[in-house]
Amino acid sequence: GPCTECSCSSGKEPDKDPSHTKKKENGDRLCIPKIFFGTRTHKQITQISRELQRTAYSCVPMTILSSRDYTCIHPVVSNSSNRNEMCVELLEGKHGKSCSYYHGAHKLSEHHGLQPAPMAWDIEDLVSLGRKLRACPYFAARELMVGADIVFCPYNYLLDPQIRDSMDINLKDQVVILDEAHNIEDCARESVSYGVTESQLRAAREELELMVSSSIRQKHHEPLQAVCCSLI
């Protein structure tokens, strides 16, 4: 049946009753919580967005956060094995070049097909529209997060603090839903794990030895040097 707790299906003004008032932010602006919906894989996000299309909430403002592997449409960067670094270099203009797709991201985030959304969309819809408008889907999705009520993303976007910072995700006072949450342990381990080669360890040991022999913060560098030696 129709929703009785909000005005989404009736088209009426939101209920002004104090019992429905959310906690105010800065004393004058209502702080409406977002729903962050985390899934194990990007493919599952597509399945969830299709299910959303079948509900009464298919027109709710939404966005999908995903990696450049799925959303980059730059002809050179998208075919690179190191998309993240190449993208950053273009944005910083290191080689005198920039990304025209990035500068057109607002055309995509403001497009009538996405905001306000006539119907829930998935990553393929976003990328297809981005190619048509020559606008970056990756950054458009991040811009859409500001006005979105529902944000879909993989687990690690919510669990990894570095990714949260880079994506400007603030989970305080928000609603977090984790699909198939029994997979959280593996994702949490991956978020705080790091792979290192023997050659990297040897290089680190040499640099630490130089620091110690030069009496540079010895009490900090000696334990690190011992760790490198024991691992080698």
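Predicted model: local features only at pLDDT ≥ 70, side-chain atom pairs only at ≥ 80, totals over all residues.
1. The side chain of histidine 74 comes to 3.3 Å from the backbone nitrogen of valine 77. Once neighbours within four places in sequence are set aside, the contacts of histidine 74 are Leu90, Cys99 and Tyr101.

2. For isoleucine 73, with neighbours within four places in sequence again left out, the contacts are Ser78, Tyr101, Val127, Gly130, Arg131, Ala135 and Pro137. Although isoleucine 73 and cysteine 136 are 63 residues apart along the chain, their C-alpha atoms are separated by 6.8 Å.

3. In helix H6 (residues 123-133), the buried residues are Ile123, Leu126, Val127, Leu129 and Gly130. Viewed down the axis of H6, these residues fall within an arc of 165°, and they therefore line one face of the helix. That buried set packs against helix H1 (42-53), strand E4 (62-64), H2, helix H5 (105-109) and helix H7 (137-144), while the face turned away from the buried side carries the exposed residues Glu124, Arg131 and Lys132.

4. The two ends of H6 also deserve a look. At its start, a side-chain oxygen of aspartate 122 reaches to within 3.1 Å of the backbone nitrogen of glutamate 124, and the helix is followed by arginine 134, which has a positive phi near 55°.

5. The structure holds six salt bridges, among them the one between arginine 83 and aspartate 69, whose closest N and O atoms are 2.9 Å apart. This pair links distant parts of the chain, since arginine 83 belongs to helix H3 and aspartate 69 to helix H2, 14 residues apart. Arginine 83 counts as partly exposed at 21% relative accessibility, whereas aspartate 69 is exposed at 51%.

6. Arginine 142 and aspartate 168 form a salt bridge with an N to O distance of 3.9 Å. Here too distant parts of the chain are linked, with arginine 142 in helix H7 and aspartate 168 in the loop between helix H9 (161-166) and strand E6 (175-178), 26 residues apart. Arginine 142 is buried, with a relative accessible area of 19%, but aspartate 168 is exposed, with 59%.

7. Arginine 202 pairs with glutamate 198 in a salt bridge, the closest N and O atoms being 2.7 Å apart. Because the two residues are four apart in helix H11 (residues 198-213), about one helical turn separates them. Both arginine 202, at 32%, and glutamate 198, at 46%, are partly exposed.

How values were computed:
Residues numbered from 1 in each chain as written. Heavy atoms only, no water. Polar contact = N/O pair within 3.5 Å; in protein donor to acceptor, adjacent residues only side chain to side chain. Contact = heavy atoms within 4.5 Å. Buried < 20%, exposed > 50% of the residue type's maximum accessible area, 1.4 Å probe, protein only. Arc of directions from axis to C-beta. Salt bridge = Lys/Arg side-chain N within 4 Å of Asp/Glu carboxyl O.
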